[in-house]
Amino acid sequence: MFNKKKQPPLKSLIAQGARVTGHIFFADGIRVECEITGNISPVDHNASILVIAETAAVTGDVSADHIIINGSVTGMVTARLMLELQPNARITGDVAYGALEMHQGALIAGRLTPILPEAEKAPLATESYPA
């Protein structure tokens, strides 16, 4: 998991007041403060961080290693390592996460699915339980 010293830098900013339609691919880190209609994802498999600010509204799927949300997302959220939901976070869609930190006031309307390390994955579908 990321710690304060190992987080990739936020090299890109899409500022408040902009309106973007289309998919966004980023390297390292990006901060979004505006309206986006389209998916947001890292361009490669290097460490990535996505920050969705309080003023942002994203309609589309978002993915990164570490995601911090304080705005709204309508779509699938995939945080491979860590998902931080600040008090104003609003998610309408399913969420997959490695670890989850959720502050009071944050809302999710969708399913939560943990992303488990390979060693912890169990064959849940084949387990049988006594009736």
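Predicted model: local features only at pLDDT ≥ 70, side-chain atom pairs only at ≥ 80, totals over all residues.

Trainee: Why is the contact between Arg19 and Glu35 called a salt bridge?

Mentor: The cut-off is 4 Å between a side-chain nitrogen of Lys or Arg and a carboxyl oxygen of Asp or Glu. The closest N and O atoms of Arg19 and Glu35 are 3.3 Å apart, so the pair qualifies. Arg19 lies in strand E2 and Glu35 in strand E5, so the bridge ties together parts 16 residues apart in sequence.

Trainee: Why is Arg19 called exposed, and Glu35 partly exposed?

Mentor: Exposed means over 50% relative accessible area, buried under 20%, and partly exposed in between. Arg19 has 67%, so Arg19 is exposed. Glu35 has 40%, so Glu35 is partly exposed.

Trainee: How many salt bridges does the whole structure hold?

Mentor: Five. Among them is the one between Asp65 and Arg80, at 3.0 Å from N to O. Asp65 sits in strand E9 (residues 62-69) and Arg80 in strand E11 (residues 77-85), so this pair ties together parts 15 residues apart.

Trainee: Is Asp65 buried or exposed?

Mentor: Buried. Its relative accessibility is 11%, and the cut-off is under 20%, so the label holds. Arg80 has 34%, so Arg80 is partly exposed.

Trainee: What makes the bridge between Asp94 and Arg111 a link between distant parts of the chain?

Mentor: The two side chains meet at 3.0 Å, N to O. Asp94 is in the loop between strands E12 and E13. Arg111 is in the loop between strands E15 and E16. They are 17 residues apart.

Trainee: Which labels do Asp94 and Arg111 get for accessibility?

Mentor: Asp94 is at 26%, so the label is partly exposed. Arg111 is at 59%, so the label is exposed.

Trainee: How do you know that Leu50 is buried?

Mentor: Leu50 has 0% relative accessibility, and buried means under 20%, so the call is plain. Leu50 is in strand E7, residues 49-52.

Trainee: Which residues does Leu50 touch?

Mentor: Leaving out residues up to four places away in sequence, Leu50 touches Phe26, Ile30, Val32, Ile40, Val62, Ala64, His66, Ile67 and Ile68. Take Val32: it is 18 residues from Leu50 along the chain, yet their C-alpha atoms are separated by 7.8 Å.

Trainee: Which residues form the patch?

Mentor: Leu100, Met102 and Leu112. This nonpolar patch has about 240 Å² of accessible area in total.

How values were computed
Residues numbered from 1 in each chain as written. Heavy atoms only, no water. Patch = residues over 30% accessible without salt bridge, like charges linked within 9 Å, V, L, I, M, F, W, Y side chains within 5 Å. Areas by Shrake-Rupley, 256 points an atom, 1.4 Å probe, with all protein chains shown as cover. Helix = DSSP H or I, 4+ residues; strand = E, 2+ residues; numbered from the N terminus. Buried < 20%, exposed > 50% of the residue type's maximum accessible area, 1.4 Å probe, protein only. Contact = heavy atoms within 4.5 Å.
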